[in-house]
Amino acid sequence: GLCCACCGTADTQQGCSKGGCDALCASSSKLETTTAVAERGGADQVAKPRLVTFFEDVFPFSIIRRPPARAASVVIMLAVFAPMAWQASQLEPQKEAAQLLPDDHPFQRFFDLSAEFEVSNEDEPVKLSVVWGFEDKPLDTDGVNRLFDPQNKGRLAFSPDWVLDESAQSGLLSACDLLENSELSELVFDKKTDDGSLEKDIDCWVRDFKDWRNTTRNEIFPVPDDADVVTAVKEWCNAGDGETARDCSRYVGFEVDANGDLYIAWTRVVMGVKMNENVFLPASELREKYDDYEGLVDSINAAVGTTLGDAFQVAVGAEDPGGQPLANNKWINMVLQELYVRMSTVGVIIGISIAFVVLVLSTRNLLAASISVLSIACALVTVIGITVAMGWELGASEAICLMTLTGFAVDYVVHLSHSYMESTSHSPLERTHDALRDMGISVFWGMLTSFVAALALASCQLQFLSKFGYFFLLTITFAYLWAVLFLMPLLATVGPRSSPADGRAVPTTPYNSNTTTHKVPDAIEVT
């Protein structure tokens, strides 16, 4: 049509030389579309390739067409599901540090051995910081969005009523005594005597400050005036008299108020605890330790809270000279492990819910959508059960895999169920056969190509990529098996039927045909 339009407007001497377009346009009225040829019965039947015939008529339809084999397929899949459901119920948060490399890699063996022992006198213990001077919510995160502004971590929320006055100084000494007498504090070698004796690992700056006031300056402690205490502590820090004085900024926080005056905004006492900073503990054990240290802080608040204010605790590893932690807060690891469990569960539920909505919209039938979602859920439980049987625990990698699991498992189900509902045949068995004819081989090749890609990913040395590859491989494999050996037999048995227009009979097609078939148009009467 476009060529003829060009020939009609072009210069016949220039654009349509040798009469090519004239011949084409003149003969166009003799052309016949393939649709017209098919309608007059002139289309030849073409033999289908054996592979196409196999997926249309042999697998899985040779199983589905026979009711006993169909029932056996469903029962076998449910028999597989039962032990996998039990295994999936045993999924627990990770009890060991996240594995980065294969087990036999030298670096991974070093990491594993470093995290093997909980505590010893040769290791650097975790430090418990008991802090005063902040609001109940120490960090104001209003308006913080780390995605768009990674450097904005929030604003420290200092308590405007907290003052290191005379009673607070005495209360701080009492808090140090309570920490030292606690069974939760770690014993370390006495660095002052160097005779092999042990002492409690307590960094209490106010004790050094008191000794400096009483011996070096020959002045009283506690400092009676609020303004004088800021000057006195600053002088002590500058003098560097004592181990804590040399790292004064780690224990006392100086800030400048609106009038430009220096004041002490916060303070802390540090205690070594019976936990190696390199050890990895599961969330359940960390939660027990957290509750113990929270109980210790509660006892301190009950004893000196009226004079010193309420404190909170943070457990970190080694720190640099400026007081910045060189290792993560141990309680963050605990919260993350618990978060992995919650978010993976929520992710799977949300994924299945979205899949149900998509299936309802694509099939426009609640029965077909419900059977499809059941198939997806069974595939997910099977994959989770296998990974638990393989010894996997729920860490960061596994949680991410679980949250993306539903998206991989829904593809084959939605294609087959949608094709089932698009069939114009009447009985569920015939509609199932039509769905397999339309999408069976496409779904298989989609599964196979994804399977090969997952194999390449599973062979990676980095365990995050390897685990994702194994998860992907298992998911697409069992999603396909549950789709063709559970979903399709169920649809063939209890699936929705189509309603013939005007009560006319619906034509049937042979189940085993090695040639292409054309559906009879609705306009043709079928007796």
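These questions and answers go through salt bridges, ring pairs and surface charge in a predicted model.

Biologist: Is Asp-136 buried or exposed?
Modeller: Asp-136 is found in strand β2, residues 134-140. Exposed means over 50% relative accessible area. Asp-136 has 79% relative accessibility, so the residue counts as exposed.

Biologist: Which residues gather with Asp-136 in a patch of negative charge on the surface?
Modeller: Asp and Glu count as negative. The patch on the surface holds Asp-136 together with Glu-135, Asp-161, Asp-298 and Asp-310.

Biologist: How do the rings of Phe-408 and Phe-468 pair, and what is the angle of their planes?
Modeller: The structure holds 20 aromatic pairs. One of them joins Phe-408 and Phe-468, with ring centres 6.2 Å apart. Planes over 60 degrees apart count as edge-to-face. The pair is therefore edge-to-face, with the planes at 75°.

Biologist: Which parts does the pair of Phe-408 and Phe-468 tie together, and how many residues apart are they in sequence?
Modeller: Phe-408 lies in helix α15, residues 396-422. Phe-468 lies in helix α17, residues 463-494. The pair therefore ties together parts whose separation in sequence is 60 residues.

Biologist: Which helices hold Glu-180 and Arg-207?
Modeller: The side chains of Glu-180 and Arg-207 meet in a salt bridge, 2.8 Å from N to O. The pair ties together parts that are 27 residues apart in sequence, because Glu-180 lies in helix α8 and Arg-207 in helix α9.

Biologist: Where is Arg-364, and which residue forms a salt bridge with Arg-364?
Modeller: Arg-364 is in the loop between α13 and α14. The closest N and O atoms of the salt bridge are 3.7 Å apart, and the partner is Glu-422.

Conventions: Residues are numbered from 1 along each chain as its sequence is written. This is a predicted model: local features need pLDDT of at least 70, side-chain atom pairs count only at pLDDT 80 or more; totals for chains, interfaces and linings use all residues. Side-chain values use heavy atoms; hydrogens and water are left out. Patches are made of residues with over 30% relative accessible area and no salt bridge: like charges are joined within 9 Å, nonpolar side chains (Val, Leu, Ile, Met, Phe, Trp, Tyr) within 5 Å. Accessible areas come from the Shrake-Rupley method with a 1.4 Å probe; for residues, only the protein chains shown count as cover. A salt bridge is a side-chain nitrogen of Lys or Arg within 4 Å of a carboxyl oxygen of Asp or Glu. The place of a charge is taken as NZ of Lys, CZ of Arg, CG of Asp or CD of Glu. Helices (H or I, at least four residues) and strands (E, at least two) are DSSP runs, numbered from the N terminus. Buried means under 20% relative accessible area, exposed over 50%, partly exposed in between (1.4 Å probe, protein chains only). Rings of Phe, Tyr and Trp (its six-membered ring) pair if their centres lie within 6.5 Å; planes under 30 degrees apart count as stacked, over 60 as edge-to-face and the rest as tilted.
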